Amino acid sequence: AKSEFIELGRLNGYPSLEDSHGMKIIRVKVKPQSRESSLSEQADGIWLARVKAPPVDGKANAELTELVAERFGVRKSAISIKSGAGARLKLVQINA
């Protein structure tokens, strides 16, 4: 059922989805090698993550995980990249 939930969000273009158990899925556009790290929600509902790390050996994804965990007040282990690990546009799952 979880994979259908994610697929529904991606296919219908929803910027984020949340279920009754507090699990949230957000769409994040990542800009690696930025001057400073930040995470902000854009007007279209897609989150923009600026990370200092380069997109090499998972460094940018690791920094993204830290940013999302800090922003939503959860542990890093509660964050997972569901799709787009090698792309700039990602679906990120946040477990409450």
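Buried means under 20% relative accessible area, exposed means over 50%, and partly exposed lies in between (1.4 Å probe, protein chains only). This is a predicted model: local features need pLDDT of at least 70, side-chain atom pairs count only at pLDDT 80 or more, and totals for chains, interfaces and linings use all residues. Residues are numbered from 1 along each chain as its sequence is written, and side-chain values use heavy atoms, with hydrogens and water left out.

**View 1. The chain and its elements.** Two helices and six strands make up the elements of the chain. Helices (H or I, at least four residues) and strands (E, at least two) are DSSP runs, numbered from the N terminus. Their order from the N terminus is α-β-β-β-β-α-β-β. Of the 96 residues in the chain, 36% are buried.

**View 2. Lys31 in strand β2.** Lys31 belongs to strand β2 (residues 24-31). Its relative accessibility is 35%, so Lys31 counts as partly exposed.

**View 3. Thr65 in helix α2.** Helix α2 (residues 59-72) holds Thr65. Thr65 has a relative accessible area of 16% and is buried. Beyond its neighbours within four places in sequence, Thr65 is in contact with Lys76 and Ile79. Contact means heavy atoms within 4.5 Å.
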